[in-house]
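This briefing covers a few helices and strands of one protein model. Look at the sequence and structure first, then read the points below.

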Amino acid sequence: MPDEIFLKEGERFDDLERNGYRIIQNPEKFCFGMDAVLLSGFAAVKEGECVIDLGTGTGIIPILLKAKTKGRHFTGLEIQQESADMARRSVAVNGLSADIDIVDGDIREASAMFGASVFDVVTTNPPYMSNQHGLVNPKLPKAIARHEILCTLEDVVREGARLLKPGGRFYMVHRPGRLAEIIRILEKYRLEPKRMKFVHPFVDKEPNMVLFECSRGGKPQVRVEAPLVVFEKPGVYTREITEIYGY
């Protein structure tokens with residue numbers, strides 16, 4: 001089928017450097033960032049497991065996890081219909097419609113939609129900015145992706161905890177500046193942090209991202225892993241980053 005059939009005005013294909021997979025994006029709306037790629041490299045999905053990605057955007061995390069793991073099935077939940085439509089077409093163009101479902105819906109209603117204790121793994125790259133922080137982008141799709149306009153951090157954690165089977169794993173990327181709040185909310189919903197990894201732009205700079213693995217109902221014990229450094233020098237990725245990207 002010609003590529004043009006899959007693309008709409010303003011859209012393009014981006015090569016994911018994995019299994020020949022591509023993703024449809026519209027730079028005027030929202031394009032996935034490094035945080036989504038790093039989360040897909042941090043998340044551990046075992047053979048036969050079922051995964052849901054909350055706020056999947058254009059479907060980057062389910063597609064990458066399908067490429068990198070032996071998970072049985074992947075679901076992406078997205079409230080913005082335009083993004084969900086792009087995700088669905090990306091799944092189709094890669095021949096993954098039997099392995100990945102893209103569902104239109106509100107994160108706040110996720111457990112009502114799918115039921116409780118049904119997934120082995122939950123992943124999420126939620127909006128980082130609360131309504132009290134940061135300038136809100138006037139272009140709504142980007143604003144929704146970056147600011148807690150349609151859901152809060154607590155909404156995401158609450159629904160993620162409800163969706164997980166006992167002992168299931170919750171993976172999230174967020175900002176270190178909200179670390180204390182994040183830990184409080186995770187503990188409120190019995191998602192016990194098990195692994196944390198800070199991401200630094202350069203070795204001598206403060207972290208600007210933090211990756212979490214939490215277990216539903218796990219015992220209190222967290223391992224802080226060696227930090228991930230993005231750049232050796234300006235414009236040059238570290239070896240670990242190139243491995244995650246698959247270059």
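Strand β7 (residues 164–174) and strand β9 run antiparallel and are joined by 6 bridges. The model is predicted, and the points below are grouped by topic.

- Strand β9 covers residues 209–216.
- Opposite M196 stands F212, a residue of β9.
- β9 is mostly covered, with 7 of its 8 residues buried.

**Helices α6 and α7**
- Helix α6 spans residues 153–163 and helix α7 spans residues 179–188.
- The axes of α6 and α7 come within 9 Å and cross at roughly 35°.
- The crossing of α6 past α7 is right-handed.
- On the α6 side, the contact is made by L153, E154 and V157.
- On the α7 side, E181, I182, I185, L186 and K188 make the contact.
- Of the residues in this contact between α6 and α7, 5 are nonpolar, 3 are charged and none is polar.

**Helix α1**
- Is helix α1 (residues 34–42) largely enclosed by the rest of the structure or exposed?
- Helix α1 is largely enclosed, because 8 of its 9 residues are buried; a residue counts as buried when its relative accessible area is under 20%.
- The buried residues of α1 are M34, D35, A36, V37, L38, L39, S40 and F42.

Definitions and conventions:
Residues numbered from 1 in each chain as written. Predicted model: local features only at pLDDT ≥ 70, side-chain atom pairs only at ≥ 80, totals over all residues. Heavy atoms only, no water. Buried < 20%, exposed > 50% of the residue type's maximum accessible area, 1.4 Å probe, protein only. Helix = DSSP H or I, 4+ residues; strand = E, 2+ residues; numbered from the N terminus. Axes fitted to C-alpha atoms, helices over the stretch in contact; angles between N-to-C directions. Left-handed = near helix turned anticlockwise from the far one by under 90°. Contact = heavy atoms within 4.5 Å. Nonpolar A, V, L, I, M, F, W, Y, C, P; charged D, E, K, R; others polar. Pairing = 2+ DSSP bridges.
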